[in-house]
Amino acid sequence: MRIEEDLKLGFSDVLFRPKRSTLNSRSQVELGREFVFKHSARRWAGVPIIAANMDTVATFAMARALARHQILTAVHKHYSVAEWQAFVQAQTADVLQHVIVSSGTSDKDFEKLQQILALSDELGFICIDVANGYSEHFTSFVSKARRQWPGHTIIAGNVVTGEMVEELILSGADIVKVGIGPGSVCTTRVKTGVGYPQLSAIIECADAAHGLGGQIIGDGGCTCPGDVSKAFGGGADFVMLGGMLAAHEECGGELVERDGKTFMKFYGMSSASAMDKHAGGVARYRAAEGKTVELAYRGPVEDTIQDILGGVRSTCTYVGAQRLKELTKRTTFIRVREQENNVYGKE
C-alpha cells in the first residue's frame, strides 16, 4: 500500500485568473477547432463538445440538433442496426460527420459495429466505451478495432491516469476518454472507492496524450458552463456532457407528470434502471454504480447549447484567448474555497 500526497483538484476547487485582453466582444471568440487524428489521419473541424453516450441523452434527435452547431454526439449503443440504417438514410453528410458510433467490447458488439459502420463512409468516429478502461481485454479490443478500421478515428475510455492514456494511444486509440466517477448520476466512487478528481485527471492525462500526438476527452463532472471552460483550460481537447444536456425534448427520456409539473427520468448507464432495461437486471456478481433521478423538463436543447457556448466565449474574453485552442495557454487557475454567492440559492 502507498499514498500519494499530492492534492488532486476538481472543478469546484479553482477559478480562472482574469488577464488583460485585446478582445472587444465575445463575438470575436472562435470556438471551432480543427484536428488531424494520430492513427486515422482524418481531419475534423467543429466545436469540440460531445453529448455523452447515454440512452437518455445521446439520441438520434440530439445528434440532429447538435450537428447544427457543429457539435458531436456519441450516439448510445442500444439502437438496433435497423434503426441506424433508417437514421443514416435520412441524414445529410454534415450530420453524419458529427456522429460517433458507440460500442462495448464483446464479440457481439464488434459484429454490430461492423454492420453499422458499413452503412456509410461518413461515419468516421468509433467510441469504445467501458466503465473500467484498465483491463487487458479492453486494450486488446482497441488494438483489434484499429486493425479492422485503420482509417476510422477511435475513441477509447474511460481512464484517469497518464500511463494508461499512453498505453491506449499506443494500442491504436486516437482520443482517450478521461473520467472515473465524476458524473452526476454515477456512484462508482461511492460503491468502489475508486476515482480521481476530474480537473487533475484532465491536466495529467492531456499532458500524456499530447506527448504522443493524441487527444483526450474530459468526460463528466461539468455542472455549468464555467466547468466546461475549466476542462478546456486544463487541457481537454474535447468535453463530454451528460447531465447538462439531459431532460431536453431531444433526449427521449420517460416523462413524469407530478403536481402540475413535468419531469424527465435521467440515469447512469451502470444504474439499475439501465441494466433492467438493457441487460435483464443487475447481475448477481456486481452492484449498480449509477442512480436514477427525475429532472425538470427543459424543452428543446437549443437554449442550453447557446448558454454553454456563450459561457465558454465569455471565459475566453476574460483571459484574452481569441480562439478556443489558445485557452489552455492563457489559463492560470487559482485555488479557492468558494465559487459563488448562494445567499439566494443556486441559479
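Visitor: Is C186 buried, partly exposed or exposed?
Guide: The model is a predicted one. C186 sits in the loop between β8 (175–178) and α7 (188–192), and UniProt places the feature "active site" there, in an unreviewed entry. Burial requires a relative accessible area under 20% and exposure one over 50%. At 26% relative accessibility, C186 is therefore partly exposed.

Visitor: Which residues does C186 touch, not counting residues up to four places away in sequence?
Guide: Residues up to four places away in sequence are not counted here. What is left for C186 is a set of contacts with G181, E289 and G290.

Visitor: Which residues does the UniProt annotation "binding site" cover, and where are they found?
Guide: G181 is found in the loop between β8 and α7, and G183 has its place in the loop between β8 and α7 as well. The annotation comes from an unreviewed UniProt entry, and the residues it covers are G181 and G183.

Visitor: What is T187 in contact with, leaving aside its neighbours within four places in sequence?
Guide: T187 lies in the loop between β8 and α7. Its relative accessibility is 14%, so T187 counts as buried. Beyond four places in sequence, T187 is in contact with A288, E289, G290 and K291.

Visitor: How are helices α9 and α11 oriented to each other?
Guide: The axes of α9 (residues 225–233) and α11 (residues 302–319) come within 8 Å and cross at roughly 55 degrees. α9 passes α11 in a right-handed crossing. An angle from 65 to 115 degrees would count as roughly perpendicular and one under 35 as roughly parallel. The two helices are therefore oblique.

Visitor: Which residues of α9 meet which residues of α11?
Guide: On the α9 side the residues are P225, V228 and S229. By class, the contact of α9 with α11 has four nonpolar, three polar and one charged residues. The partners in α11 are D307, I308, G311, V312 and T315.

Visitor: At what angle do α6 and α8 pack?
Guide: The axes of α6 (residues 162–170) and α8 (residues 198–211) are 8 Å apart. G162, V165, E166 and I169 of α6 make the contact with E204, C205, A208 and A209 of α8. The crossing is right-handed, and the angle is about 35 degrees.

Visitor: Why is helix α1 described as largely enclosed, and which elements cover its buried residues?
Guide: Six of the eight residues of α1 (residues 60–67) are buried, so the helix is largely enclosed by the rest of the structure. The buried residues are F60, M62, A63, A65, L66 and A67. What covers them includes β3 (43–51), β4 (71–75), α2 (81–90), α3 (93–96), β5 (99–103) and α11.

Visitor: What is phi of Q70, and what is phi of D259?
Guide: Most residues other than glycine have a negative phi. Q70 has its place in the loop between α1 and β4, while D259 lies in the loop between β11 (255–258) and β12 (261–267). Both values are positive: phi of Q70 is near 65 degrees, and phi of D259 is near 55 degrees.

Visitor: Is D259 buried or exposed?
Guide: A residue counts as exposed when its relative accessible area is over 50%. D259 has 74% relative accessibility, so D259 is exposed.

Note on methods
Residues are numbered from 1 along each chain as its sequence is written. This is a predicted model: local features need pLDDT of at least 70, side-chain atom pairs count only at pLDDT 80 or more; totals for chains, interfaces and linings use all residues. Side-chain values use heavy atoms; hydrogens and water are left out. Axes are lines fitted to C-alpha atoms, for helices over the stretch in contact, and angles run from 0 to 180 degrees between N-to-C directions. Helices (H or I, at least four residues) and strands (E, at least two) are DSSP runs, numbered from the N terminus. Angles under 35 degrees count as roughly parallel, over 145 as roughly antiparallel, 65 to 115 as roughly perpendicular and the rest as oblique. A crossing is left-handed if the near helix is turned anticlockwise from the far one by less than a right angle, and right-handed if clockwise. Contact means heavy atoms within 4.5 Å. Ala, Val, Leu, Ile, Met, Phe, Trp, Tyr, Cys and Pro count as nonpolar, Asp, Glu, Lys and Arg as charged, and the others, Gly among them, as polar. UniProt positions are given in the numbering used here, feature names are shortened, and annotations may be inferred rather than shown by experiment. Buried means under 20% relative accessible area, exposed over 50%, partly exposed in between (1.4 Å probe, protein chains only).
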